[in-house]
Amino acid sequence: MKLTVFFNGQYWVGVVELQEGTKLRASQFIFGPEPKDAEVMDFVQHQLLTLLSSSKQQVDIKKASEHKINPKRLARQVAKEMQVTGVSTFAQEAMKLDLDLRKKERKATNKKKDELLQEKKYLLKVQKAKEKHRGR
């Protein structure tokens, strides 16, 4: 699991990437103004798991080879990752898929609500028309 906190030009954003085998799930949390260490720790302790459980989409990634890495190489890789701001392309793809899924669900529920409202309006219109012709 990896948490990346960066400034995207407007807000401070935290992106959580969870890798399970060859699957990657990613979620985004907007902190707003620059978060203090205590705010980040509070997020990790209380909101991180609910955020990850809400993301449903996963992306397949290549699994890195599991050979032993030289400590100097590992230190260079860590230093390189510390310099890079932003998130991986796999994480961006996972977040986009999750966003698209939520968008489709929202459209379906809104369409259903709209149809129910139209049906209710139609029934009310029919009832009013019947009341007008009551005495005939």
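Colleague: Which element supplies the largest share of the lining of the largest pocket?

Modeller: H2 does, with four residues. Helices are DSSP runs of H or I with at least four residues, strands are runs of E with at least two, and both are numbered from the N terminus. Strand E2 (12–20) and helix H2 (71–83) each give at least two lining residues. Do keep in mind that this is a predicted model: local features need pLDDT of at least 70, side-chain atom pairs count only at pLDDT 80 or more, and totals for chains, interfaces and linings use all residues. Residues are numbered from 1 along each chain as its sequence is written, and side-chain values use heavy atoms, leaving out hydrogens and water.

Colleague: What makes a space a pocket?

Modeller: On a 1 Å grid over the protein atoms alone, where a 1.4 Å probe fits, a pocket is an open set of points with protein on both sides within 12 Å along at least five of seven lines; its lining residues have an atom within 4 Å of a point. The largest pocket holds about 490 Å³. Of its 14 lining residues, the closest to the centre are Lys-2, Glu-17, Gln-19, Ile-61 and Glu-81.

Colleague: Why is Val-78 called partly exposed?

Modeller: Buried means under 20% relative accessible area, exposed means over 50%, and partly exposed lies in between (1.4 Å probe, protein chains only). Val-78, in helix H2, has 46% relative accessibility, so Val-78 counts as partly exposed.

Colleague: And why does Arg-106 count as partly exposed?

Modeller: Arg-106 sits in helix H3 (residues 89–132). Its relative accessibility is 48%, so Arg-106 is partly exposed.

Terms used
Grid points are joined across faces, edges and corners, and a volume is the space filled by probe spheres set on the points.
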